[in-house]
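Let's walk through this structure together, one piece at a time. Have the viewer ready and follow along.

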Amino acid sequence: MSANKASLQTTVSDAVELDVARIRQDFPILQQELNGHRLAYLDSAASAQRPAAVIDAISQYYEHDHANVHRGVHTLSHRATDAYEGAREKVREFINAESIREIVFTRGTTEAINLVANALGEQLQAGDEVILTQLEHHSNIVPWQMLAERRGIELKVIPINSAGELVLDGLDDLFSDRTRLLTVSHVSNALGTINPVGELVAAARKRGVLTLLDGAQAIPHTAIDVRQLDCDFYAFSGHKMCGPTGIGVLYAREAVLAELPPWQGGGDMILTVSFSGTTYNELPYRFEAGTPNIAGAVGLGAAVDYLSAIGMARIAAHEHQLLEYATDRITGISGLQLVGTATHKTSVLSFNVDDIHPHDLGTILDHQGVAIRTGHHCAMPVMEHFGIAGTARASLALYNDRDDIDQLIDAIHRAVEMFR
Ligand code: PLP
């Protein structure tokens, strides 16, 4: 069993139950009615909501501490730098990275992956190969396709089965002596499949191949330990884990990051600049050109504090139970097809109901206060595999409860009646 599967199962059995009613009080946005109904927010895979602690940390920062970071001698600049660097240390601890030199702040998962594709891409030659999977979000496909066009690298794709799980039988044949990187989502955003990343990283490491895990959908749902995962890169976004939009993280193993060229040039990523040449800053600043999203980092730090105080093990256990409850109830609806039935799943229910277009379903549900996402979920190759244009997707977070699921089920029943 892979490391991540093992850790998910341990957390499920060990955890103390979550007080969801209490947690819901922390989220001001959940206190409203929507279209005359209690709000059932089931779109956290697209973007999670923020607790007051995160919103307050950002306001507090802007009201008291804001200035530009790193270069100032005045008090506010020191405070802003401390807040920004403090957030980096919180993130380091949250994912158990060895050093803050391995934590690069980015705009999000997308930018983190583009950073790797561009910086590592500089070192790849025509004919080098990158392995990815059919389950990837577009943000872990398109940067590699762009690189393939620019530098002539080849892409190899791990296929999926009818349950939406990776098919690893042919994995050995996908590796060659030209393979440079294996990249895979830790959890699929479209289906909720938990991928066997432990096994994949081990297979890559055995062959000296670098690994990049897209953790956008894993980080809000389970404890992440990058040293246990043993990956070279791990990318995630603040807004999926109750933090702000516009901030994310690239974890990069220091020995690997130290060998990469910078990808964006500008202020803060340099030590000296003259027209005879530039010397670059130390890690991780060499990869953070320009004024960063300071308030975003502060908010992310507050989100890390918030999730840590609750405990990722308890969050994982709660979401696991809720997913089982939701799966049981939703599969009882006649005419509903669940898309993605992997043995190891978290937090996502993707489905279609009879001939109802997912967008129509989403609109009808919205009228009943239920917020879900519809469409291809930026995973068109997954939809192509299942021969569908899209799905309706309900996704869970720590603040969801059985009432949300019951509201979803009632709303789907009502939609079915409307189309009868
Ligand atoms: N990867 C996965 C698996 C995702 O679910 C998402 C967003 O939905 C992304 C990458 C892109 O994240 P962002 O838009 O925050 O950069």
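**A buried asparagine and its surroundings**

The side chains of N140 and W144 make a polar contact at 2.8 Å, where a polar contact is a pair of N or O atoms within 3.5 Å, and within protein one must be able to donate a hydrogen and the other to accept it, with residues adjacent in sequence counting only if both atoms are side-chain atoms. A second polar contact, of 2.9 Å, links the side chain of N140 to that of E136. This is a predicted model, in which local features need pLDDT of at least 70 and side-chain atom pairs count only at pLDDT 80 or more, while totals for chains, interfaces and linings use all residues. Residues are numbered from 1 along each chain as its sequence is written, and side-chain values use heavy atoms, leaving out hydrogens and water.

You will find N140 in the loop between β5 (129–133) and α6; helices (H or I, at least four residues) and strands (E, at least two) are DSSP runs numbered from the N terminus. N140 has a relative accessible area of 0%, so it is buried (under 20% relative accessible area, with a 1.4 Å probe and protein chains only). Leaving aside residues up to four places away in sequence, N140 touches I113, L132, T183, V184, L212 and D214, contact meaning heavy atoms within 4.5 Å.

Now turn to helix α8 (residues 197–206), where V197, G198, L200, V201, A203 and A204 are buried. After α8 comes G208, with a positive phi near 75°.

Definitions and conventions:
Buried means under 20% relative accessible area, exposed over 50%, partly exposed in between (1.4 Å probe, protein chains only).
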